[in-house]
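Student: I've just opened this one up and I'd like a hand finding my way around. Can we go through it together?

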Amino acid sequence: MARRPVALAAAVVLILEAFGIVLLNWILSIVVDRQQMSLAGLQPRAMSTGSWVAGILFGLFLLFCAAVLLRSALRDRAPGGFTRIALIGCAVVHGILGAFSVGLVGWVAFLAMMVVLGLLVLTLMAYNEGLTGDARGNAENTPNGAPPVAPTSA
């Protein structure tokens, strides 16, 4: 299976998306600040700063997920533990954003979110092939189909 190219493609898409999210939130913060928009009595400067900080945090999360995918692709090893949970969370966020974007933005945005979701799920499933039992591996079942190591005697 072509899991390395899929993981690399997903990483590139997440890197581009991270920069796009930061840019979008930067533009939104400028618009809120210049038009002196307020919501429920919040100061416009606080809303502007909040948009900027949220964009940076979400962009960093996407870059972290892209780094996990790049590491998985270069080592051809499944992400484990916390990093796998982060990728699953990223996939869930893309599914929810896709559901919201179809009504708010349109079908093209929905399609883009579903492509990223598909790449993430395909990567997670492709690296899950060798992990049928014990995730740490044992003599009968080693992670990612690696051959078992012969015991050595001292």
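**Salt bridges and a pocket**

Tutor: Let's start with Arg3, which is buried, with a relative accessible area of 14%. Keep in mind that this is a predicted model.

Student: Is Asp76 buried, partly exposed or exposed?

Tutor: Buried means under 20% relative accessible area, and exposed means over 50%. Asp76 has 26%, so Asp76 counts as partly exposed.

Student: How many salt bridges does a search of the whole structure find?

Tutor: Besides Arg3 with Asp76, there's a salt bridge where the side chains of Asp33 and Arg45 meet, at 3.3 Å from N to O. Asp33 lies in helix H1 and Arg45 in helix H2, so this pair ties together parts 12 residues apart in sequence. For the whole structure, the search gives 2.

Student: Now the largest pocket: which helix supplies the largest share of its lining?

Tutor: The pocket has a volume of about 380 Å³, and 15 residues line it, with Ile21, Leu24, Leu97, Ser101 and Met113 closest to its centre. Helix H1 (3–34), helix H3 (82–104) and helix H4 (107–126) each supply at least two lining residues. The largest share is 7 residues, and it comes from H1.

Student: And by class, how many residues of that lining are nonpolar?

Tutor: Set aside the 3 polar and 1 charged residues. The nonpolar count is 11.

Note on methods:
Residues are numbered from 1 along each chain as its sequence is written. This is a predicted model: local features need pLDDT of at least 70, side-chain atom pairs count only at pLDDT 80 or more; totals for chains, interfaces and linings use all residues. Side-chain values use heavy atoms; hydrogens and water are left out. On a 1 Å grid over the protein atoms alone, a cavity is a set of points where a 1.4 Å probe fits but cannot get out, and a pocket is an open set with protein on both sides within 12 Å along at least five of seven lines; lining residues have an atom within 4 Å of a point. Grid points are joined across faces, edges and corners, and a volume is the space filled by probe spheres set on the points. Helices (H or I, at least four residues) and strands (E, at least two) are DSSP runs, numbered from the N terminus. Ala, Val, Leu, Ile, Met, Phe, Trp, Tyr, Cys and Pro count as nonpolar, Asp, Glu, Lys and Arg as charged, and the others, Gly among them, as polar. A salt bridge is a side-chain nitrogen of Lys or Arg within 4 Å of a carboxyl oxygen of Asp or Glu. Buried means under 20% relative accessible area, exposed over 50%, partly exposed in between (1.4 Å probe, protein chains only).
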